[in-house]
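Let's take a walk through this structure together. Have the sequence and the 3D view at hand, and follow along from one stop to the next.

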Amino acid sequence: MKVKKNKEKELNPFELHINNKKFTILGRKSKNEVGKPGIARSKSIQKRKKSLLLEYKLKDKSNKFVDRRIGEKNRAMTADDRVIARFTASRVKAQKKMKYNLGEEEDLTHHGQSLSTIEKFEKPMSDDDSDSDDDRNGGKLGAEFVEKAHFGGGVLSRAGDGETSHRDLIDKLIAESKLRKYEKKQLKQETNELTEQLDKDWKELMPVVPTKNRGETDTEDEPPTKKKVDKNSYDILMRSLKFDRRGMASDKLKSEEEIAKEEKERLEKLESERLKRMKGIEDDGIVKHRSADDLDDGFDFGDDEIQPLAYNSEGKPLNSDLISVNEEQNDLNDDCSENGDDEIKSDDDDNGDDDDNDNDDDNDDDDEDDDEKNLNNDMSDLKEDDESSNDEETNICIKNGDKNKSAELFAKKLKEKKVLMDEARKQLPYTFTVAESYEGFQEILEDRSITEQIVIIERMIKVNHPSLGNDNRSNLQRLYPYLLQHLNDNSCSIDGWKILNSLAPHLYDLTQFFPEHAAKCFIEVLKEKHTDFIDSSLKQITSDMLIFFKLVPLLFPSSDYYHPVCTYAVMIASEILSQTKIKKRSDIASCLLLTTILLEYVQLSKRYIPEVVNILRGMLLMTTTDNNSVNYVQQFKPNMKLLIIENNATQIEWSKKLSINEIFNEENIDDAFKLTSLYIILDLIFRFRKLCEDIPSVNEIWTPHLSIITTLKINLDEMNAQIDKTKLQLQMVEKKLEKLQTLSNRPKALRLYEPRIQKVYDGRTFKTESKEKAERSKLLHRYKREMKSAVREIRKDNSFLSKLKYHEQAKSDAERRNKVKQIYSWGANQAHEINKLAKKNKK
């Protein structure tokens with residue numbers, strides 16, 4: 001038989017897809033010249049049926065048996081290790097379940113008894129029973145009572161002995177128990193009261209009694225043997241902690257704005273009180289509480305004795321006791337003093353100048369007069385006239401005496417008020433406004449001491465704090481140049497330095513408020529001082545220059561590499577040092593002070609200032625006679641030997657510091673000033689040499705100074721110690737400078753790379769990238785290609801799943817329709833059978 005060969009199925013040309021290429025390259029095989037989309041689609045469907053379809057069918061199903069036994073798959077563990085590990089895991093699992101339960105092995109105790117025995121509550125007792133003495137018997141009756149009442153033979157056996165009946169015994173027992181309970185209750189109450197009193201006394205003594213830190217023990221109280229641990233140590237510690245001092249809650253930290261606002265309100269309040277005192281207005285400041293139901297019917301009109309001054313329509317004073325111009329009243333006062341002196345004295349002794357008592361005496365006199373009228377009817381008219389006249393005279397005298405006393409009290413109060421008003425006028429106001437001009441500012445500070453001036457400026461800044469808003473910032477900016485000008489005007493005397501000492505903190509605060517404005521003001525001041533020095537023919541350092549040079553490092557940072565104020569100040573000070581002329585005592589003191597100020601500028605930045613080195617060398621040359629080896633600085637001359645110290649000057653008392661008054665001193669140079677100046681010069685050289693340690697040419701800079709110092713010979717221990725100290729600092733490190741030399745070997749030329757030439761030009765341009773960038777671009781290209789393919793596969797998976805779901809839904813719908821049709825057919829058959837039976841029954 002012939003076997004037929006399976007012929008390969010011929011492809012439909014319409015099912016092929018030919019991929020055209022732009023360029024044909026010889027020798028390169030191409031795999032994808034012809035595409036077969038139908039075959040590729042069927043392969044992908046079959047692949048998804050084997051993978052994705054199975055996963056879809058097994059979704060939400062777990063039908064696998066997993067062996068979770070510990071150590072079963074670990075071949076390194078032995079059988080015993082597996083058993084131990086499984087037992088440990090079971091114990092851990094059981095312990096998790098009993099997380100909040102007490103263990104069976106633990107038995108808690110209280111006062112030495114187990115809680116399990118205490119909590120049985122076999123004998124519940126009331127509070128009264130627990131306090132009784134029968135606790136020892138467990139709440140039972142006493143032995144004596146039982147013997148008499150129960151086993152004593154009854155009532156008949158004790159009738160002959162004169163004993164009471166059984167009922168009386170029970171009543172007596174009840175009364176005794178109640179009495180006992182009452183006594184115990186009273187004792188307990190007294191104990192509580194004493195305990196509370198003791199606690200109260202102890203709290204009052206707590207601040208006085210010295211307490212030990214917690215955890216410390218007193219070695220003196222400890223016995224040589226170890227103490228036994230007390231069972232109630234926890235309770236004792238808890239009670240001791242009750243009486244420990246507790247921290248008090250503190251107020252929250254206030255911001256700068258809140259502090260400024262409170263300070264302004266405080267000053268305004270003080271100013272209003274001062275103005276009231278100055279005007280004589282009394283203000284107790286006590287606000288009395290008023291109820292909501294107050295009817296304002298409890299008026300208090302003050303002291304009735306003090307009457308205000310008033311005049312009648314004719315212009316005469318109504319109160320003649322305040323102004324003694326009424327002659328008639330003076331005559332009346334004299335008559336009253338002659339006639340009714342005894343009556344006034346008796347009234348004063350008995351009643352103490354009280355108006356109410358006087359009225360009572362008058363009423364008593366009137367009552368006595370009425371009685372006399374009733375008894376003597378015949379002479380009633382005459383008696384009434386005499387008595388009424390006497391009463392009027394006594395009343396007038398009493399009133400005049402009261403008016404005199406009230407006038408004295410009024411005058412005394414006026415004097416006190418006048419004293420308070422004078423004191424208020426002398427006090428400084430608490431609030432000030434910034435003047436519009438410098439002349440107005442000077443008027444505020446005129447005839448004031450330095451302390452009062454500083455207080456005025458401080459209050460002016462506080463009232464116009466920038467955080468309070470309004471125009472305070474512009475007001476303080478206007479105040480800043482006023483303060484600088486005020487400092488400049490007072491710089492010609494020692495008062496300028498006192499003002500600087502007190503005013504520097506306030507200038508610092510203002511500088512922090514607006515640093516740019518402050519910097520501009522200081523630059524203008526420094527320019528002005530520089531111009532004055534250049535234009536002057538004397539070329540001397542003045543006090544105002546020193547004050548402003550001293551003020552700059554206090555307000556601005558001097559350690560910056562470049563600062564618009566500090567750098568400018570250093571440049572001007574260096575120029576002034578290089579051009580100043582030294583002729584007298586004050587010039588030397590000013591140069592030393594300016595050099596010290598420059599040391600403050602460069603203390604942190606450690607900059608080199610050549611003008612300082614020159615001025616120190618020139619001043620050293622002024623102290624010696626040997627001047628052959630060292631050259632002189634520009635402003636110093638060989639004949640300037642102002643600081644030469646003679647041999648007999650060593651016995652003079654001298655100070656190691658110069659006073660600030662020396663810059664104003666016009667006296668001749670004495671030996672004490674020479675010694676002090678030399679000591680300061682050596683100290684400055686020591687300090688500046690220490691700052692120049694990092695400079696390579698430090699030895700060449702300070703070698704002239706060392707040669708001058710070696711020639712100094714002074715018979716003073718303190719001066720010789722300073723000289724030795726300075727020498728040691730100058731000789732400390734010897735740095736050798738490296739000479740500049742030409743290169744002996746010719747430098748090698750760099751390797752030249754050949755140009756990159758593209759031999760074949762096909763119209764496309766290629767980017768010249770580094771290796772790393774090229775690899776990164778290649779990876780990005782592959783990443784994009786894989787991302788596109790992954791997105792394409794996900795889309796195909798979604799379309800496959802959607803078709804599968806659609807077919808499942810269509811199949812379930814068809815089954816449902818078939819079931820519904822079948823149910824309908826069954827129902828129709830049943831209805832037919834019922835109708836058929838109904839027809840038969842009708843027949």
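A salt bridge here is a side-chain nitrogen of Lys or Arg within 4 Å of a carboxyl oxygen of Asp or Glu. Before we go looking for some, a word on what you are seeing: this is a predicted model, in which local features need pLDDT of at least 70 and side-chain atom pairs count only at pLDDT 80 or more, while totals for chains, interfaces and linings use all residues. Residues are numbered from 1 along each chain as its sequence is written, and side-chain values use heavy atoms, with hydrogens and water left out.

Let's start with E72 and R69, whose side chains meet in a salt bridge at 3.5 Å, N to O. How covered are they? E72 has 32% relative accessibility, so it counts as partly exposed. R69, with a relative accessible area of 49%, is partly exposed too.

Now move along to D544 and K529, another salt bridge, with 2.8 Å from N to O. D544 sits in helix α20 (residues 543–555) and K529 in helix α19 (residues 515–535), so this pair ties together parts that are 15 residues apart in sequence. Helices, by the way, are DSSP runs of H or I with at least four residues, numbered from the N terminus. Both D544 and K529 are buried. Going back to R69 and E72 for a moment, salt bridges with shared partners join them with D67 and R86 into one network.

How many salt bridges does the structure hold? The count is 17. One of them is formed by E793 and R48, whose closest N and O atoms are 2.9 Å apart. This pair links distant parts of the chain: E793 is in helix α27 (residues 771–842) and R48 in helix α1, 745 residues apart. E793 is partly exposed, because its relative accessible area is 39%. R48 is buried, because its value is 8%.

Patches are made of residues with over 30% relative accessible area and no salt bridge; like charges are joined within 9 Å, and nonpolar side chains (Val, Leu, Ile, Met, Phe, Trp, Tyr) within 5 Å. Lys and Arg count as positive and Asp and Glu as negative, with His and the chain ends not counted. A charge is placed at NZ of Lys, CZ of Arg, CG of Asp or CD of Glu. The areas come from the Shrake-Rupley method with a 1.4 Å probe, and for residues only the protein chains shown count as cover.

With that in hand, look for the patch of positive charge on the surface, where R41, K784, K788, R792, R795, K796 and K803 gather. Helix α27 gives the most to this patch, with six residues.

D509 lies in helix α18 (residues 494–513), and its relative accessible area of 37% makes it partly exposed.

I39 lies in helix α1 (residues 37–50) and, at 35% relative accessibility, counts as partly exposed.

Helix α21 (residues 566–579) has 14 residues, and ten of them are buried. Among the buried ones are C566, V570, I572 and L577.

Most residues other than glycine have a negative phi. D447 has a positive phi of about 60°, although it is not a glycine. You'll find D447 in the loop between α15 (438–445) and α16, and it is exposed, with a relative accessible area of 75%. K539 also has a positive phi, of about 55°, and is not a glycine. K539 is in the loop between α19 and α20, and at 16% relative accessibility it counts as buried.

Definitions and conventions: Helix = DSSP H or I, 4+ residues; strand = E, 2+ residues; numbered from the N terminus. Buried < 20%, exposed > 50% of the residue type's maximum accessible area, 1.4 Å probe, protein only.
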